[in-house]
Amino acid sequence: MLFTKTAATLDVGTLAERLEQELRSHKAKYIFQGTTFVMAGVLAAAMPAAAALNAELLLGVIILLTGVFQMVLTIQSRMHWWSALSALLSIVTGILMLWKPFPVLHMFVALLAIFMTVEGICELFLAFQFQPLKNWSWMLFSGVITLILATILWIGFPAFDVLYLGWIIAANLLLYGLSLLMLVWRIAS
C-alpha cells in the first residue's frame with residue numbers, strides 16, 4: 001500500500017517513485033478516465049441551452065457514470081481515499097438527480113454548488129498527494145477552478161439559470177480530465 005507510513009517519515013523521493021509507478025501501471029485507466037471527463041465536459045458544453053430537466057438528467061447520468069468509473073479505478077488502485085469520497089459523492093448525486101428529477105430541479109443549483117465545493121476540496125487533497133510528481137499543479141489548478149466555479153454558483157444562487165450551469169459543469173469536467181491526462185502524459189513521455 002502506498003500510504004502505510006506517516007507523511008513525516010515518508011521520503012519524498014520514494015513517494016514520487018511510488019506515484020509514478022502507480023500512474024505507469026494504470027496508465028491506460030487514467031487516460032481513459034481523463035478522456036471520459038474531457039468528453040463529458042465537451043458534451044456538457046455542447047448542450048447549454050437544453051431544457052432544465054434535460055440538462056439535469058444528462059448531468060445526472062454524466063456525474064453517475066464518471067463517479068462509478070472513478071470508484072472502480074480508486075478501488076483497483078487502492079490509492080486515493082479522497083478520490084473514493086469524491087466518487088461516492090458523484091454516485092449519490094447522480095442517482096438523486098435521476099431518481100427525483102422534478103424536486104431536484106428546484107435544488108439543482110444548490111446541489112451542484114455543494115457537489116463542486118466538496119469535489120474541489122477533494123481535488124486539492126489529490127493535488128497535494130501528487131505534489132512530488134511533475135505536472136501535479138494541473139490537479140491543483142483544477143481544484144482551485146472547481147472551488148471558484150462553486151463559489152460563483154453559491155453567489156449567484158438562485159439567479160443562475162440552468163443554461164449557465166452547463167458551462168460551469170463543462171469547465172469542471174474538462175479541467176479535471178485534462179489534469180489527469182497531464183499527470184499521465186508526463187509519466188509516459
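The model is predicted: local features need pLDDT of at least 70, side-chain atom pairs count only at pLDDT 80 or more, and totals for chains, interfaces and linings use all residues. Residues are numbered from 1 along each chain as its sequence is written, and side-chain values use heavy atoms, with hydrogens and water left out.

**Overall architecture**

The protein contains eight helices and zero strands, where helices (H or I, at least four residues) and strands (E, at least two) are DSSP runs numbered from the N terminus. From the N terminus on, the order of elements is α-α-α-α-α-α-α-α. Of the 189 residues in the protein, 47% are buried (under 20% relative accessible area, with exposed meaning over 50% and partly exposed in between, for a 1.4 Å probe and protein chains only). Among contacts with a separation of 6 or more, 76% join residues 24 or more positions apart; contact means heavy atoms within 4.5 Å.

The table gives the geometry of two helix pairs. Axes are lines fitted to C-alpha atoms, for helices over the stretch in contact, and angles run from 0 to 180 degrees between N-to-C directions.

| Helix pair | Angle | Axis separation |
|---|---|---|
| α4 (residues 81-99) and α6 (residues 108-129) | about 165 degrees | 9 Å |
| α6 and α7 (residues 136-156) | about 160 degrees | 8 Å |

Helices α4 and α6 pack at about 165 degrees, which makes α4 roughly antiparallel to α6. Angles under 35 degrees count as roughly parallel, over 145 as roughly antiparallel, 65 to 115 as roughly perpendicular and the rest as oblique. The passage of α4 across α6 is a left-handed crossing, meaning that the near helix is turned anticlockwise from the far one by less than a right angle, whereas clockwise would be right-handed. On the α4 side, the residues in contact include Trp82, Leu85, Leu89, Thr93 and Met97, and on the α6 side they include Phe108, Leu111, Phe115, Cys122 and Phe125. By type, the residues of this contact of α4 with α6 comprise 12 nonpolar, four polar and one charged. Ala, Val, Leu, Ile, Met, Phe, Trp, Tyr, Cys and Pro count as nonpolar, Asp, Glu, Lys and Arg as charged, and the others, Gly among them, as polar.

Helices α6 and α7 are likewise roughly antiparallel to each other, and α6 passes α7 in a left-handed crossing. The contact of α6 with α7 involves 20 nonpolar, five polar and two charged residues.

Thr93 belongs to helix α4 and is buried, with a relative accessible area of 4%. A polar atom of the Thr93 side chain lies 2.8 Å from the backbone oxygen of Leu89. Not counting residues up to four places away in sequence, Thr93 touches Ile63, Leu111 and Phe115. Of these, Leu111 and Phe115 are listed in α6 where that helix meets α4.

Gln70 is located in helix α3 (residues 52-77) and counts as buried at 3% relative accessibility. Its contacts, leaving aside neighbours within four places in sequence, are with Gln33, Phe37, Ser83, Ser86, Ala87 and Tyr176.

Gly177 is situated in helix α8 (residues 162-188) and is buried, with a relative accessible area of 0%. Leaving aside neighbours within four places in sequence, Gly177 is in contact with Gly34, Phe37 and Val38. The C-alpha atoms of Gly177 and Gly41 are separated by 8.4 Å, although these residues are 136 residues apart along the chain.

Terms used
Polar contact = N/O pair within 3.5 Å; in protein donor to acceptor, adjacent residues only side chain to side chain.
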